[in-house]
Structures are given as C-alpha cells and as structure tokens.
Amino acid sequence: FGPVAGLYNATQNVTISTTTPSATLCYTTDGNTPACDATPACTTGTAYAAPVSISATGQLRAIGCRSGYTNSSITSGTYTIDTVAPVISAVAPASSASVANTQVSYTVDEACASGNVVWTRTGGTADGTGSPPGTHTQALAGAELNVGAHSNITLSNNPTLVSGSIYSIAFNCTDAAGNAATTVTSTGVTYNATATPRLWETNAK
C-alpha cells in the first residue's frame, strides 16, 4: 500500500501494487475479507483500477489473484483519519496581567505531540535575550503535553525574562496527526520579578 497504513489528517488516496504481472487485485474497505475465483474475478470486494480514497478511519484489505497461480495472502492496514485540531483554553496569565514569575496555566482537550509557549516582548524594558531578541519560544515537554488542565506550572524549558518588560504569551499545540490548534494569546502581560526582601537588624538598647 502506498502511502502505508497509519495516522493522517486528510483523505488518503492509496495505491495497491503487486510484483506479479497481470494479477487481479481485489480490495475491501468495509471489513469484509476480499476473495476471487479462478477466472480470476473478485467475488468479494472491488477490482482495483485506481487509487482507493480513504476519507474516514477504516481498514483496507487486498488480495492478489491470477489464473494458474495460488492466490496471495491478504494484506491489510488500518488508516486512521483525524481531521480535528486540539483546542486550547483556560490560559493564564490573562491579558493585561502583571506577574512576578513565569508560571503558566492552560487546558488542552487532547494530547499534544508537540507544543510550545512563546513569550514575545511588546513593550516596557528592552529584552535583548531570546531568539530573535525579545522572543522566547519554550517547547512543551513530558507531562506538559498531556491532555487536560495544567495549572500554575513552571515549564521544564523555563524562559529567562527581563523584569519590567511587557510580553504577549502565545500557547500552541499540534496533535499526533499534525492538526494544529488555534493559537491562544494573552497580550500586555507585564513581568516584574519579585525583589529580594531586605533583612534589617535591630540592636536592643
């Protein structure tokens, strides 16, 4: 089969081939087992003449037949078609917030195969770090990619921000089929690092 069976995010037009010249190829997509007679003609399934369009999850099965030959074994493969993108919600910090740390919150309705959180300086104190300067793209890792709520977490790939800078924070997720979620962005987030408290000594008199 080409392309091979697997997970895809769009309709697949699958070719079926054999190394035996003049063989008849019979296939099914409804779960039935393809079969042919000695003619050879397909008794169960459809004679292959053009790529098979697979637009929904299902199993493709095929058999090769030629008069005077033993029929081939049945080849099968499951094609999973997932066209639904993940949804990101409940993000924090919220727009226009002022924060003293880099913790974030977000919820995804399915697992991400990859994802990131991107801090981009939009104002305030200059930020010459990141690539390009002022942009911090932090990949999600491990449990951060799991389905569900992630509340007030410090990312494994934690950014180093500049106190006094104002950032937009964009949340991204792509699932295993390659469907990308709509980016959710919080804007105007001010980062003010917490100052270290000063300890005063008082001498008793």
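Predicted model: local features only at pLDDT ≥ 70, side-chain atom pairs only at ≥ 80, totals over all residues.

Strand 13 covers residues 114-124, and strand 14 covers residues 135-139. Five bridges join these two strands, and they run antiparallel. Strand 13 also pairs with strand 16, again antiparallel, through 10 bridges. One example is Gly123, whose bridge partner in strand 16 is Ile166.

Now the inside. How many residues does the largest nonpolar core hold? The number is 20, and the members that touch the most others are Ile88, Tyr106, Val117, Trp119 and Phe171. Strands 10, 12, 13, 16 and 17 each give two or more residues to this core. Strand 16 gives the most, with four. There is another core, apart from this one, with 11 residues, including Ile16, Leu25, Tyr27 and Val52.

Take Ile88 as a case to look at on the screen. Setting aside neighbours within four places in sequence, Ile88 has contacts that include Tyr106, Val108, Phe171 and Cys173. Ala181, Thr182 and Val184 are also in contact with Ile88.

A search of the whole structure finds two cavities of 30 Å³ or more.

The largest cavity holds about 60 Å³ of space. Among the residues that line it are Pro93, Trp119, Leu161, Tyr167 and Tyr191. Strand 16, residues 165-174, and strand 17, residues 184-191, each supply at least two residues of that lining. By class, the lining has nine nonpolar and three polar residues, and no charged ones.

The second largest cavity has a volume of about 40 Å³. Its lining includes Ile88, Tyr106, Val117 and Phe171, and these four were also on my list of core members that touch the most others. Which strand gives the most to this lining? Strand 16 does, with three residues. By class, the lining of the second largest cavity has seven nonpolar residues, two polar and no charged.

Note on methods. Residues numbered from 1 in each chain as written. Heavy atoms only, no water. 1 Å grid on protein atoms, 1.4 Å probe; cavity = no way out; pocket = protein on both sides within 12 Å on 5 of 7 lines; lining within 4 Å. Points joined across faces, edges and corners; volume = space filled by probe spheres on them. Nonpolar A, V, L, I, M, F, W, Y, C, P; charged D, E, K, R; others polar. Core = buried A, V, L, I, M, F, W, Y, C linked by side-chain atoms within 4.5 Å. Buried < 20%, exposed > 50% of the residue type's maximum accessible area, 1.4 Å probe, protein only. Contact = heavy atoms within 4.5 Å. Pairing = 2+ DSSP bridges.
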